[in-house]
Amino acid sequence: FHSFTDSACDSYTWNGITYKESGTYQQTFTSQQGCDSIGQLELTIAPGPYVSEIVGEQFIYVTDHGRYTYSIEPVEGAYDYVWFIDNNWTISNAVGSNSCTIDINTIGNGTLTVRVYSECGYTERKIHIEHSLQPDIVVFPNPTYGDFKLYLYGMDGETLIEIYNAIGQRIAQFEANATVGGTLLDYSLKYHACGMYLISVTNRYRNVTKKLVKNTH
C-alpha cells in the first residue's frame with residue numbers, strides 16, 4: 001500500500017482513468033511478480049480560469065482596410081497571453097496583453113487565436129475573420145408586374161430599405177435585420193404606376209442602389 005497527494009485544474013488522469021472531482025481514490029496494481037498492491041490518491045481539483053470569447057469585427061468589407069482591435073476579458077491568474085493568426089496580417093501590441101490589433105490591408109480570411117497561460121496550462125479561444133464581403137442586392141423579377149423580391153447579401157445588422165419613383169419621390173421606407181449569409185424580402189409595387197424605380201439599401205457599412213422597372217400586364 002502506498003499513498004500520495006496531488007492537485008490539478010479541471011481534471012486529473014491517473015493510470016488511464018480521468019477524475020474531475022476532488023476526493024480519495026484507490027487503484028490496484030499488479031507487479032511483474034504477480035503481487036497486488038493498492039495505491040491511494042488524495043486529489044484536489046480546482047476549476048480552471050474562465051476565458052471569455054474573443055470580441056472584435058468578424059465580417060469586414062473589401063473596401064474597409066485598416067487596423068482592428070480584438071480582445072478578451074482579463075483572466076484572473078493568467079501570466080501570459082499569446083496571440084497569433086494563420087495568414088499574413090500583422091498583429092501589433094499583442095505581447096502579454098488581453099488584446100491585440102491587426103492590420104487588415106489585404107483581402108482574405110483568417111483565424112485569430114489567443115492562448116491564455118495559467119497554472120492550469122493554457123486555454124485557447126478562436127475567432128474567424130472574413131475580409132471579403134461585397135455588399136450587394138439582387139432584385140427579381142426585374143422587370144416586374146408588381147410583386148418582387150429583394151435579396152440582400154454581404155450585409156449585417158439593421159438595414160434601411162427605401163424605394164423612390166422616377167422623379168425622386170420616396171414612396172416606401174422600411175427596415176430589416178440583415179444577416180451576412182443572405183436576407184430575402186418581399187415587396188409589391190402593385191398599386192404604383194409603371195416606370196422606373198430606385199431601390200436604396202443602407203446599413204452601417206454601405207449604401208447600395210439598384211434600378212427596378214415595373215411593366216404593364
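Thr101 sits in strand S10, which spans residues 99-104. The model is predicted. Thr101 counts as buried, because its relative accessibility is 12% and buried means under 20%. Apart from neighbours within four places in sequence, Thr101 is in contact with Arg67, Tyr68, Thr69, Thr90, Ile91, Ser92 and Asn93.

One of these contacts, Arg67, also forms a salt bridge with Asp103. That pair links distant parts of the chain: Arg67 is in strand S7 (residues 66-71), Asp103 is in strand S10, and they are 36 residues apart. Arg67 counts as exposed, at 53% relative accessibility.

The structure holds 7 salt bridges. Side chains of opposite charge can pair when their charged atoms come close. The table gives some of the pairs.

| Salt bridge | Closest N and O atoms |
|---|---|
| Arg67 and Asp103 | 2.7 Å |
| Lys210 and Asp136 | 2.9 Å |
| Glu162 and Arg170 | 2.8 Å |

Lys210 forms a salt bridge with Asp136. Lys210 lies in strand S19 (residues 207-214) and Asp136 in strand S13 (residues 136-140), so the pair ties together parts 74 residues apart in sequence. Lys210 is partly exposed, at 29%. Asp136 is partly exposed too, at 22% relative accessibility.

Glu162 is buried, with a relative accessible area of 10%. Its partner Arg170 is partly exposed, at 47%. Elsewhere, Arg115, Glu124 and Lys126 are linked in a network of salt bridges.

Ser52 lies in the loop between strand S5 (36-46) and strand S6 (59-61). Ser52 counts as buried, at 5% relative accessibility. A polar atom of the Ser52 side chain lies 2.9 Å from the backbone nitrogen of Glu73. Not counting residues up to four places away in sequence, Ser52 touches Ile72, Glu73 and Arg125.

Technical notes
Residues numbered from 1 in each chain as written. Predicted model: local features only at pLDDT ≥ 70, side-chain atom pairs only at ≥ 80, totals over all residues. Heavy atoms only, no water. Helix = DSSP H or I, 4+ residues; strand = E, 2+ residues; numbered from the N terminus. Buried < 20%, exposed > 50% of the residue type's maximum accessible area, 1.4 Å probe, protein only. Polar contact = N/O pair within 3.5 Å; in protein donor to acceptor, adjacent residues only side chain to side chain. Contact = heavy atoms within 4.5 Å. Salt bridge = Lys/Arg side-chain N within 4 Å of Asp/Glu carboxyl O.
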